[in-house]
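Here is a friendly walk through one protein model, from its strand pairing to its overall build. Please keep the structure open beside the text.

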Amino acid sequence: MTSDFEAQLRAVSLRVTQPRLAVLAALHENPHIDTNAVIELVRDAHPGVSHQAIYDVLGALTDAGLVRRIQPAGATARYESRVGDNHHHVVCRSCGAIADVDCVVGDAPCLTASDAHGYVVEEAEVVFWGTCPDCAAKSKAPVFRQLGRK
Ligand SMILES: [Zn+2]
Ligand SMILES: [Zn+2]
């Protein structure tokens with residue numbers, strides 16, 4: 001896996017460094033995590049890497065297109081290494097969990113504007129909002145759960 005990440009960095013002319021490899025690996029294993037979670041994971045494996053270095057790496061990887069930054073309204077920014085396939089996200093309103101939704105159409109933009117006002121449309125950002133299975137299960141049987149605990 002490591003050599004894949006090295007190849008990704010080289011493909012966008014970024015120098016291969018331990019922090020960059022560590023951030024790519026963390027995001028590959030844990031998609032849609034926020035900055036704090038990235039810092040925790042990377043520093044677990046590489047305690048010598050500073051917070052600032054990880055911020056810088058996230059910025060550089062995002063600018064280079066190796067990492068995608070997603071920021072659902074009202075949520076903290078999350079990062080993922082699955083890029084370039086125009087996939088969408090479904091977000092839980094209660095706990096903020098995020099899952100990938102493959103684009104049905106495949107190519108951007110996956111929606112056709114009813115009136116684009118003459119603009120050349122390149123992308124449509126789609127976020128599905130709802131309740132994740134965990135939160136749905138919790139909200140369905142609150143009374144039962146309380147009784148069951150006693
Ligand atoms: Zn949830
Ligand atoms: Zn995703």
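## Strand pairing

β1 and strand β3 (residues 78-80) run antiparallel to one another and are joined by two bridges; strands count as paired if DSSP finds at least two bridges between them. One residue to look up is Asp34, whose bridge partner in β3 is Arg78.

This pairing belongs to an open, antiparallel sheet of three strands, ordered β1-β3-β2. Because β1 (33-34) and β2 (68-70) each have a single partner strand, they stand at the edges, and one side of each is left without a neighbour in the sheet.

## About the model

The model is predicted: local features need pLDDT of at least 70, side-chain atom pairs count only at pLDDT 80 or more, and totals for chains, interfaces and linings use all residues. Residues are numbered from 1 along each chain as its sequence is written, while chains are lettered from A and ligands numbered from 1 in the order in which they are written.

## Overall build

The protein has six helices and six strands, following the pattern α-α-β-α-α-β-β-β-β-β-α-α along the sequence. Both kinds of element are DSSP runs numbered from the N terminus: helices are H or I with at least four residues, strands E with at least two.

Along the principal axes, the C-alpha atoms fill a box of roughly 55 × 50 × 25 Å. Of the 150 residues, 17% are buried, that is, with 20 or more other C-beta atoms within 10 Å of their own, the C-beta atoms being placed from the backbone.

Definitions and conventions: A residue is buried if 20 or more other C-beta atoms lie within 10 Å of its own, exposed if 12 or fewer, and partly exposed in between; C-beta atoms are placed from the backbone.
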